[in-house]
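Good morning, and thank you for coming.

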Amino acid sequence: MTDFRGAWTEADVETFLRETTVPIRLGTRRPDGSLWLVTLWVRYRDGALECATQANADVVRFLRNDPEIGFDVSTNDIPYRGIRGTGTAEIGSDGKPVLRDLVERYLGGTDSSLAEWLLAEDREEVTIRIEPREIYSWDYSDRMGDDSDPPTE
């Protein structure tokens, strides 16, 4: 069960994750114990965060060694808002359906050279499914508003 804390309700978090198309920043540990950070496209499904990546990606090996992760999904434009948290990642086979959905979500369709390359038959993709344990949300909309000028004191 996920522990939701911060500015938003669970429903607000779900709405943000469905409506916002920014990548997830995923933090994990390498086998030597050092930290590793990777950015991936993400979708929200049934209480979990899902990504797809090549089966031979370093992050896949790292997650198989230690599935405990930290993550951040947040906007890069004012007003800043988003979520961060911790959880457990599970690697699943056949990431092509998730990847196709992510390509459509982030690229707006599959009719581009990047989409064709990502969805090529010879690429072996896996799914990274993140079960959040804790989600902390923040939203600076009230103090930042919609314009980019900093608030005056």
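**Strand β5 and its surroundings**

Strands β5 and β8 (residues 125-139) pair in the antiparallel sense over 6 bridges; strands count as paired if DSSP finds at least two bridges between them. Helices (H or I, at least four residues) and strands (E, at least two) are DSSP runs, numbered from the N terminus. This is a predicted model, in which local features need pLDDT of at least 70, side-chain atom pairs count only at pLDDT 80 or more, and totals for chains, interfaces and linings use all residues. Residues are numbered from 1 along each chain as its sequence is written, and side-chain values use heavy atoms, with hydrogens and water left out.

Within this pairing, Glu 50 has Arg 129 in β8 as its bridge partner. Strand β5 also runs antiparallel to β4 (residues 43-45), joined by 3 bridges, and here Tyr 44 is partnered with Leu 49 of β5. The two strands β4 and β5 form a hairpin with 2 residues between them, and Asp 46 in the turn has a positive phi of about 50 degrees.

How many of the 7 residues of β5 are buried? The number is 6, and β5 (residues 48-54) is thus mostly covered. Buried means under 20% relative accessible area, exposed over 50%, and partly exposed in between (1.4 Å probe, protein chains only).

I turn now to helix α2 (residues 58-65), where Val 59, Val 60, Phe 62 and Leu 63 are buried. They lie on the same side of α2, because they cover an arc of only 165 degrees around the axis, taken from the directions from the helix axis to the C-beta atoms.

Finally, Ile 78 is in the loop between β6 (68-74) and β7 (81-92), and Ile 78 is partly exposed, with a relative accessible area of 31%.
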